[in-house]
Amino acid sequence: MPYRTAFVLFFALSMAVTAFPVLARMLVERGLQRSRLGVLALTSASLSDVLVWGLLVGVVALANPAGTSPWRLVLLVPYVALLLAVRPLLRHLVRPTSGRPPKDRFVLLFVGMLVSAGITEFLGLHFIFGAFIFGALVPRDAKGTLHADLVRQATRLGGLLLPIYFVIAGLQVDLSGFGVTGLLTLALILLVAIGGKLGGGYLGARAARLDHRTALAVGALMNTRGLTELVILTIGLQLGFLDGPLYTLLVVMAVVTTAMTGPLLSALKVTDRTHPPIDAFLPVSANRS
């Protein structure tokens, strides 16, 4: 395999990813988002995903599947510096007092996202990295969040395009040749994926002096992969890291590991009663302040 090292690293990253939005939603539905368990799981998932996406940039650059000249990657540094330099202009454009209607401000940001995606594609990276970098560097308001109108516009657009993305991802899944060899390979993939997350989450939580049940719950929550895994697998398929059968097996793994999180938490009897909010342990004076 011409990109053997890149493939091994990519496969490792696909095992390490956690779907932060799915995890956050699951914690909110169970009332655990403010518990020690929820805070630890969210913090771990966010740090894990930042590392995964950062390393994925290096893996894509290492493989260089499009045959792009390596010197182009050097331009990534001045490109990010340019985005940092124009942040004040972006802050002016997204301010509610800038005089522009919310839809106009969103169109400007959408165009900027497309330009950023095109630049990273030209540099030899996947276009999704350009969109991610642009979104991460867009200024927030004084409360630390992007203006609500812009978020609402982006959510509406994402709600329209997300089903189309799932259709495209599903069309590339082929279960027709799912024989004995495929089942054995899937069993090995599930063993690595589940064992790595449950074992790693358990050992990390135990190192933080959490009890056995809570430690297992941390591992179960980190095992949630969801849409984030599908995005990474799609990148791998487009760049040639994965072929059709392996892509199918990894998609099945993503579905299974995400679906098993809820039953695992129920089996461990993880509820908002067993894991109350952190502030419930604070003194009354601290809660009031």
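This tour moves from the whole chain to its cores and then to selected helices and residues.

The model is predicted, so local features need pLDDT of at least 70 and side-chain atom pairs count only at pLDDT 80 or more, whereas totals for chains, interfaces and linings use all residues. Residues are numbered from 1 along each chain as its sequence is written, and side-chain values use heavy atoms, with hydrogens and water left out.

**The whole chain**

Display the protein chain by secondary structure: there are 15 helices and zero strands. Helices (H or I, at least four residues) and strands (E, at least two) are DSSP runs, numbered from the N terminus. Of the 289 residues, 37% count as buried; buried means under 20% relative accessible area, exposed over 50% and partly exposed in between, with a 1.4 Å probe and protein chains only. Among contacts (heavy atoms within 4.5 Å), residues 24 or more positions apart account for 78% of those with a separation of 6 or more.

**The cores**

Select Leu56, Phe241, Leu242 and Leu250, the residues with the most contacts inside the largest nonpolar core, which has 34 residues. Such a core is a set of buried Ala, Val, Leu, Ile, Met, Phe, Trp, Tyr and Cys residues joined through side-chain atoms within 4.5 Å. At least two of the residues in this core come from each of α1 (4-16), α3 (36-63), α10 (180-207), α12 (226-238) and α13 (244-259). Apart from this core lies another, of 19 residues, including Leu23, Leu27, Ala45 and Ala215.

Next, centre on Leu56. Leaving aside residues up to four places away in sequence, Leu56 touches Phe10, Leu13, Phe129, Ile232 and Ile235.

**α3 with α12**

Show α3 and α12 together. Their axes are 13 Å apart and the packing angle is about 5°. Axes are lines fitted to C-alpha atoms, for helices over the stretch in contact, and angles run from 0 to 180 degrees between N-to-C directions. The two helices are therefore roughly parallel to each other; angles under 35 degrees count as roughly parallel, over 145 as roughly antiparallel, 65 to 115 as roughly perpendicular and the rest as oblique. Here Val52, Trp53 and Leu56 of α3 meet Thr228, Val231, Ile232 and Ile235 of α12. By class, this contact has six nonpolar, one polar and no charged residues. Ala, Val, Leu, Ile, Met, Phe, Trp, Tyr, Cys and Pro count as nonpolar, Asp, Glu, Lys and Arg as charged, and the others, Gly among them, as polar.

**α3 with α11**

Select Leu37, Leu40, Ala41, Ser44, Ala45 and Ser48 in α3, which meet Thr214, Ala217, Val218, Leu221 and Met222 in α11. The residues of this contact divide into eight nonpolar, three polar and no charged.

**Around α11**

Colour α11 by accessibility. Eight of its eleven residues are buried, so α11 is largely enclosed by the rest of the structure. The buried residues of α11 pack against α2 (20-29), α3, α10 and α14 (261-267).

Zoom in on Thr214, which is buried, with a relative accessible area of 7%. Thr214 touches Leu37 and His275, not counting residues up to four places away in sequence.

Finally, go to Ala267 in helix α14. Ala267 is exposed, with a relative accessible area of 59%. Its C-alpha atom is separated by 9.8 Å from that of Ala217, 50 residues apart along the chain.
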